[in-house]
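Biologist: Hi! Could you walk me through the ring contacts in this one?
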Amino acid sequence: MITASTIIKIENLGVNINSDLGELRPTVSADGNLLFFICENHPANTKYNSVPNSQDIWYSERDSNGVWQEARHLKYPLNTSQYNAVYWISPDKNRILIRGAFGNGGAYFGKGVSLCTRQADGRWGEPEMLYIKKYNKYDRGQVSGATLSPDMKALVLYMSPDPGSPNNDLFVCFREPDGSWTEPKSLGKQINFPGNEMTPYIASDGVTMYFSSDKPGGIGDNDIYMTKRLDKTWTKWSTPVNLGEPINTEGWDAFFTLDAGGEYAYLTSNKDTYGESDIVRVKLLEREKPDPVILVSGNVYNAKTKEPLSASLIYETLPDGVEAGNGISNPTDGAFKIVLPYDKNYSIRASADKFFAISENLNLDSMIKAGYKEIHKDLYLVPIEIGQVVRLNNVFFDFDKWDLRPESFVELDRVVKLLKENPKIEIEMSAHTDSKGSDEYNFRLSDNRARSVMEYILSKGIDAGRITSKGYGESMPVSENETDEGRQLNRRVEFKILKN
């Protein structure tokens, strides 16, 4: 009989990662090329000589041939407490969530979670604890841990309010505007049984969650289950499904993590291992995968000098302008990665002081969920200087019309904000067309569109003397008009800084 275990193979990640010691708690990046894990009792561990079963963070990177490189020990300022772990990696690989509450230059305050950010030299900065309302009321058990949602808006923790308890429940906190986190709230009875629920992982779709539980009916001591979030409260979930063999064994199974593609799961195994436990991966069946997403990678550049920039990344849904997530670009080369679920229309932009972002549009609400995709999209920041031209990619009109569509307002409100924050700036708003249609028609259409944009900005309280509008028709192409792509580039709305 053909069963799941005959078609799903467990792959050991090999001797560059696993040893005769205990390796556990893998955490893999969205692109699948960076792996953090714990190694127990290694002589290189910071507290090896003073703490029994010392646990330090190690990491490995996968090369272009898909080979994991020899694991390396993570140096200061991490691996400073007795037991260290990475719980989560941001899609851009520039932030990690770690075990323990740290602050004041790396001082260890005890239980909690902290966020580390990559610095300009490529090293990790000092960890900073997340301030969670009434946290000490909930984390009183033997063990605890956490993970973040891909958009960094929700923090899911496992812990116990009962002093000394070995059993945990799953809780959620939400990020406040000031960066603190709300009081933990139970994920509800569909998830939390009387026993032990732990090691949650939120997939890149932001909806699918995997966790470990000893609920009745499992294969072993603790099994890994999959569930789907049903609403924005994070308290309503689909019935958890046991992932079955060979992912679950007769033993204790936890520490489950995925790349953005959802093709491979990484977990800890004690079967046929080099040591006490090893890091392995397993290819998931379709029914076990999260919803497909798009992984967007690129670099942030100065539009004037073409040099890479370190910047914040903001992506919002249109037309409502709700933040769908954030990121940061690598300080050395401006590289970034973000994960976007399907079924939405997104505006993506970088943000840095003294620059105005050329935002990009990714309309995924009309795309068929054909599966996981990776696309490259560079982002540009224009210095706020006289003569600089900024293209507004998220200003939309219907065909042959000049009435602004509602999804344009998010983009134009950024121009309003720029003008209000810089009261001496004056701009010319312009609109351009491709070469289809007569010259007269194109000039009239573009002129009306430019005026429509100007009138919206004036309606927000900007002085009429600070903005002019002009339609250029097809007279100023930036690309050829022989292809659809070229014509799309030529159809544009821009503003030029005339005075600063």
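Modeller: Happy to! A charge sits over a ring if NZ of Lys or CZ of Arg is within 6 Å of the ring centre and within 35 degrees of the ring normal. Arginine 281 does that with tyrosine 264, its charged end being 3.6 Å from the ring centre. This is a predicted model, where local features need pLDDT of at least 70, side-chain atom pairs count only at pLDDT 80 or more, and totals for chains, interfaces and linings use all residues. Residues are numbered from 1 along each chain as its sequence is written, and side-chain values use heavy atoms, leaving out hydrogens and water.

Biologist: Nice. Which ring does the charged end of arginine 118 sit over?
Modeller: That of tryptophan 124, at 4.4 Å from the ring centre.

Biologist: New topic: how many aromatic pairs are there in the whole structure?
Modeller: The search finds eleven. Rings of Phe, Tyr and Trp (its six-membered ring) pair if their centres lie within 6.5 Å; planes under 30 degrees apart count as stacked, over 60 as edge-to-face and the rest as tilted. One of the pairs is tyrosine 138 with phenylalanine 171, edge-to-face at 5.6 Å centre to centre and 70 degrees between the planes.

Biologist: Is tyrosine 138 buried or exposed?
Modeller: Tyrosine 138 counts as buried because its relative accessibility is 11%; buried means under 20% relative accessible area, exposed over 50%, partly exposed in between (1.4 Å probe, protein chains only). Phenylalanine 171 is buried too, at 6%.

Biologist: And how are phenylalanine 211 and tyrosine 225 arranged?
Modeller: They are stacked, 6.1 Å centre to centre with 25 degrees between the planes. Phenylalanine 211 is buried at 1% relative accessibility, and tyrosine 225 is buried at 3%.
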